[in-house]
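This report goes through the packing and the sheet of the structure shown here.

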Amino acid sequence: MEALIPVINKLQDVFNTVGADIIQLPQIAVVGTQSSGKSSVLESLVGRDLLPRGTGIVTRRPLILQLVHVDPEDRRKTGEENDPNAWKNGRFYKGVDGEEWGKFLHTKNKIYTDFDEIRQEIENETERVSGNNKGISDEPIHLKVFSPHVVNLTLVDLPGITKVPVGDQPKDIELQIRELILKYISNPNCIILAVTAANTDMATSEALKVAREVDPDGRRTLAVVTKLDLMDAGTDAMDVLMGRVIPVKLGLIGVVNRSQLDINNKKIVADSIRDEHAFLQKKYPSLANRNGTKYLARTLNRLLMHHIRDCLPELKTRINVLAAQYQSLLSSYGEPVEDMSSTLLQLITKFAAEYCNTIEGTAKYIETAELCGGARICYIFHETFGRTLESVDPLGGLTTIDVLTAIRNATGPRPALFVPEVSFELLVKRQVKRLEEPSLRCVELVHEEMQRIIQHCSNYSTQELLRFPKLHDAIVEVVTSLLRKRLPVTNEMVHNLVAIELAYINTKHPDFADACGLMNNNIEEQRRNRMRELPSAVPRDKMAGGAQGEQEGGTGTWRGMLKKGEEYEDKMKPQSSVPVNPQKGHAVNLLDVPVPVARKLSAREQRDCEVIERLIKSYFLIVRKNIQDSVPKAVMHFLVNHVKDSLQSELVGQLYKPALLDDLLTESEDMAQRRNEAADMLKALQKASQVIAEIRETHLW
C-alpha cells in the first residue's frame with residue numbers, strides 16, 4: 001500500500017499544468033492561525049530547515065510538499081522518480097550525490113542539495129507572484145523532497161489565518177486567506193491538519209472552526225497541538241491531548257517545535273526531536289508514545305494511505321467520466337483546417353441544408369421550447385394572419401349615416417328611383433382596402449421568422465460555424481441580403497392581390513349571386529310580415545291609403561321622393577338659435593352643407609341602408625376568403641420557396657472565392673486556445689487513467 005502515495009504524487013504532477021482543482025486528489029492540508037507553528041511542524045516532518053521563517057505572515061502562497069522516501073544506499077540519480085521501475089515496496093531507488101535533495105516543479109529538472117537554497121527559492125518564487133509586500137496568491141509552489149529520513153507523504157502548507165491587515169496588506173486580507181483555505185479543504189478528499197498552539201484556548205481555535213465548517217462530523221480532521229513547552233506554569237494539556245476538550249475523529253497529537261532562538265542558533269531538527277521526546281517523557285509519560293513528531297509522521301502516512309485507498313475507485317470513475325467529456329468537447333471544436341476550399345464548401349452546403357430542413361421540419365435538432373421554422377410560418381399563416389382577417393368587421397368604420405350619404409352622393413342632382421350601384425362599389429372598395437395592412441404584416445412576420453432561422457441554424461445545427469466568426473458573419477450577411485431583396489417583391493405581389501380585388505367588383509360571382517337572391521327573399525318576407533302585423537280594426541280605405549302612402553314614400557314616386565327629401569333636408573339642417581329668415585334681414589347661404597345628425601330613418605332609407613350593408617358584408621366575406629387563401633400562397637412562392645431554392649447557389653456565388661478563403665476560415669482567437677487547453681486536459685486525464693490502471697487490486701489491501 002506504500003505505493004499509493006507516489007501514485008497520487010504522479011497524478012498531482014500530471015494535473016499541475018492543467019489545474020488540479022478539477023480532479024479533487026487526496027491530500028493533507030495544513031490549516032492554522034498565523035504563527036501557530038504550521039511551517040515548524042512541516043520542517044519537523046522533513047527533518048531539515050527548508051521553509052522561510054519569521055514573525056508575521058511568512059507563507060503567502062500554498063506550498064505543495066511531496067516527501068519521497070529514498071534508499072540511503074543509492075548515491076546517483078540516473079532516472080526520473082515517476083519511473084515505476086524506480087519504486088520497490090514504496091521506496092524510491094535512484095539516488096543523487098548527497099543523501100537528501102529537493103526539486104521544484106517550476107525549475108524543471110534542477111536539483112537542490114543545499115536546503116538553504118531551497119528556502120531562498122521559495123522566497124524568490126513567492127515574491128515573483130505575490131510581490132514583495134504582504135499580499136497572498138492562490139498559485140501553489142510544488143516542492144519534492146527526497147530523503148531516507150522521511151515517510152511518503154503529500155502535504156499542503158497554507159497561509160495562516162489572520163484577522164487584522166498589517167503593513168500594506170489589502171483590507172480584505174482575512175477574507176482572501178479564508179477563501180484560499182476553503183478552496184483546498186472543501187475538497188472532500190482532503191485530510192485537514194488543524195494546527196493550534198497549546199498556550200491558547202482550544203475553544204477559540206480558528207483552525208478547528210474553519211475545519212468544522214467543511215467537515216462538521218470531523219471525519220477528515222486531525223488536530224495538532226503545538227508549543228506544549230510554552231504553557232503557563234501550573235497548567236498542562238492533558239485534557240486537550242486526551243480529547244476531553246474538543247473530540248476529533250482522527251485524533252489529537254501534541255508536538256514541541258523549535259523556538260525562534262533555537263532556529264537563530266541553528267539548532268538542527270534531529271536534536272529538536274530528541275529534546276521533544278525527553279520533554280514528553282517527563283511531562284506526559286503516559287501519552288509520550290502517542291504524541292510527538294515521529295508519531296505524527298507515521299499517523300499522517302497511515303491516514304493518507306487509507307484515505308487514498310478509499311478515494312481511489314471514485315477517483316478512477318471521475319477521471320474516466322471527465323476524459324469522455326473532454327473528448328466530446330474537443331470533437332466539437334473540430335480539427336485544424338487543412339483543405340480550406342473543401343471545408344468552406346462543406347460548411348456552406350451544411351448550413352444551406354440545415355436552413356431548408358428547419359423550414360421543412362426535418363432538422364436534426366428539433367426545438368422543444370417554442371415553434372420555429374416552417375411550423376412558425378404555418379402558425380403565422382393560419383393562426384395569426386387568419387384570425388386577424390376574421391376579426392376585421394365587414395362594416396367596421398361604416399355608420400348608417402355614411403351609407404346614406406354615399407347613396408345620396410352617388411345619385412348626384414337626380415333623385416334615385418333605385419339604390420345606385422356606384423354607392424355599393426364605393427363602399428365595398430373602402431372595406432376591402434382594409435385587408436391590405438394585415439396582409440403586408442403577414443409578409444413582415446414571415447420575413448422576421450426567416451431571419452430567426454439563420455440564428456437557430458448557427459446555434460443548434462452547425463456548431464462548426466462558431467469556430468469561424470468571419471464566415472458566420474458573411475453567411476448571415478448573404479442570407480439577410482437575399483431575404484431583404486425578396487421582401488419588396490413579395491410585398492408588391494400581396495399589394496397587387498388586394499389591388500386586383502379592388503380593380504373589378506364582380507357582382508356576378510356565384511357566391512355573391514346566391515347571397516343576393518337569398519337577401520331579396522328575406523326582404524320580401526319581412527315586407528309581407530309587416531303587412532300582416534297591421535291592426536285589424538283599421539278600415540280598408542284607411543288601410544289602402546296607408547299602403548298608398550307607403551308606396552308613395554317607399555317605392556320612389558316623385559311625390560314620395562320629394563316629400564322624403566324635404567323631411568331629410570329639414571332634419572339635416574343645423575339647429576341654430578338664430579332664425580334663418582330672409583324677411584327679417586338675414587341672408588340665406590345656399591352653399592351650407594347639411595350636417596348629419598342622429599335621427600330616425602324613414603322606412604325607405606332604412607331599407608336602402610340594410611340592402612347596401614348586406615351586399616357589402618356578403619361581398620367582403622368573399623374577398624376576405626380569397627385574400628386569406630392567396631396571401632400565404634404568394635408569400636410561400638415569392639419569399640419562402642424562392643429563398644430555399646436559391647440559398648445554396650447564392651452562398652456559393654458570394655463566398656466561394658479563392659481570395660476570401662483565408663479570411664473566412666480564420667478561427668476565433670480563443671478557439672485555438674480552447675482546443676489546446678481541452679487537448680492538454682484530455683492528455684492529462686488519459687495519463688492519469690494509465691497511472692491508476694497500473695495499481696494492482698492487491699496493492700489496496
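## Nonpolar cores

In the largest nonpolar core, which has 69 residues, Tyr355, Leu471 and Leu651 touch the most other members. A nonpolar core is a set of buried Ala, Val, Leu, Ile, Met, Phe, Trp, Tyr and Cys residues joined through side-chain atoms within 4.5 Å; buried means under 20% relative accessible area (1.4 Å probe, protein chains only). Helix 19 gives the most to this core, with 19 residues. Apart from this core lies another, of 61 residues, including Val30 and Phe115.

## Basis of the model

This is a predicted model, in which local features need pLDDT of at least 70 and side-chain atom pairs count only at pLDDT 80 or more, while totals for chains, interfaces and linings use all residues. Residues are numbered from 1 along each chain as its sequence is written, and side-chain values use heavy atoms, with hydrogens and water left out.

## The sheet

Nine strands make up an open sheet of mixed pairing, in the order 6-5-7-2-8-1-9-10-11. Strands are DSSP runs of E with at least two residues, and helices are runs of H or I with at least four, numbered from the N terminus; two strands pair if DSSP finds at least two bridges between them. At the edges are strand 6 (111-112) and strand 11 (252-254), each pairing on one side only.

## Helix 4

Ile173, Ile177, Leu180, Ile181, Tyr184 and Ile185 are the buried residues of helix 4. They line one face of the helix, because they fall within an arc of 125° seen down its axis (the arc is that of the directions from the helix axis to the C-beta atoms).

Notes
Buried means under 20% relative accessible area, exposed over 50%, partly exposed in between (1.4 Å probe, protein chains only).
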